[in-house]
Amino acid sequence: MPGRPPRALEAIVGFLTPPACREVVLGDLHERYRSPMQYISDAWYAVPCVVYSRIRRTADPGVLLMDALLLYVAFMAAARQFDRELLYSRLGLMRLAIPAGIAVVMLALADAYARPGRPTALRPLMQATLGVGLTGVAQTAFSAAGFSFALPLWIVLAGGSFGVVGVSIIGMLFPPDDHRPRGAG
Amino acid sequence: MTKADSIGQFEQLVLTAILTLYEEAYGVTIHAKVQDLAGAKAVSLGAVYVTLDRLEDKGLISSWLTDPTPERGGRAKRCYRLEAVGERALEESAATAKRVWDSIVRVWGKEWARRWRKEWGKGTA
C-alpha cells in the first residue's frame, strides 16, 4: 500500500495549480501516488500543462492586446513627462515595451489563477494592481541588478499608475470568459 | 447533423479512451487507457488534461464532477462522456484510418497485411 502523498508536497502542488482545477488535479495525483519522486514527476509534467490550458480558456487575446497597447502608451506618456531623452534614445521604445509585456503575462496568469465563479466588482482592480505591481517589482530588481534596459523609477511608478486605472476599466468592460461549455453539469 | 471538427491523432486516442471507459472515464483512467493505446510512446498526464479541455471547448465531450472519494484524499473526480458531435468526429477519423489502411494494402499487398497483423495487430480484432 503506497499510502498518501506528503502534506507539504500536496500543499506546494495545490498552490501552483489554478483553483478552478485544483481539486481534480490533486485528486488524480493522489490516486496515482506511489512514491514522493513519482508524485513530483507527475506534478512536474501536469501542472504547467494545466496552467497553460487554464490560460487558453480564460485569456481573451483581444483584451490582452488592448491591455498591452494601453500599458505601452502609459509608459510612453510617463517617459515623455519625466525623461523625454529616453523616447529618442537607441532602443528606448523597446525598453518601454518590456514592462508592458511583463504586465500582460502577469494579467494572463492572474485570470488563470482567479477563483472560478462570478467575479466581484473589485476583481479587475485587484488583478491590475497585482499585475502592474509585480511588473514594478521586476523593474526594480532589474535596476538593482544593473541591467541597462531597466526603466527609471518615476517612469515605472507613473506609467504603472495610469496602467492600473486603464487595465481595471478594460477588465470591468470585458470580464474573462470562464463560461465555456461544460455540458452535463 | 452538425459537422464535426477534424481531430488530431492524440485527440482520437483520448476520444477512444472515453468511449471505451463508459462511466469510468476520468483523468487517471483516461491517461492509463491512452497510454495503452499509444503503445511505446510515453504520454504525460498534463497532455491528457490539455486535450480534454480542448475537446470540451470544441463541444465533443462534456464533463461533470462526482462525489469526493477516500482513495483520492476526499476529492472529487471530473468524469467525461462523448457528445453526439464527438461520436461523429470519432466515426469520421475511424473511416479515414480505414481508407488509409485499404490504400496501403492495395499497394503493398495482402501478404504484407498478414505480416503486419502478426507483428502489430496483437489484441486487435
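**Exercise 1.** What share of the 185 residues of chain A count as buried?

Solution. Start from the criterion: a residue is buried if 20 or more other C-beta atoms, placed from the backbone, lie within 10 Å of its own. By this count, 35% of the residues of chain A are buried. The model is a predicted one, in which local features need pLDDT of at least 70 and side-chain atom pairs count only at pLDDT 80 or more, while totals for chains, interfaces and linings use all residues. Residues are numbered from 1 along each chain as its sequence is written, and chains are lettered from A in the order in which they are written.

**Exercise 2.** State how many helices and strands chain A has.

Solution. Helices (DSSP runs of H or I, at least four residues) and strands (runs of E, at least two) are numbered from the N terminus. Chain A has 8 helices and 0 strands.

**Exercise 3.** Check the length of helix α2 of chain A, then find what its buried residues pack against.

Solution. The expected span is 1.5 Å times one less than the number of residues. For the 14 residues 19-32 this gives 20 Å, and the end C-alpha atoms are 20 Å apart, which agrees. Buried residues of α2(A) include A:Cys21, A:Val24 and A:Leu29. The buried residues of this helix pack against α1 (7-16) and α3 (36-58) of chain A, together with α2 (27-38), α3 (45-57) and β2 (78-82) of chain B.

**Exercise 4.** Where in chain A does pLDDT stay under 50?

Solution. pLDDT is the predictor's confidence in each residue, from 0 to 100. Its mean over chain A is 87, but pLDDT stays under 50 over residues 179-185. Where pLDDT is low, the predicted coordinates should not be read in detail.

Methods
A residue is buried if 20 or more other C-beta atoms lie within 10 Å of its own, exposed if 12 or fewer, and partly exposed in between; C-beta atoms are placed from the backbone. Two residues are in contact if their C-beta atoms, placed from the backbone, lie within 7 Å.
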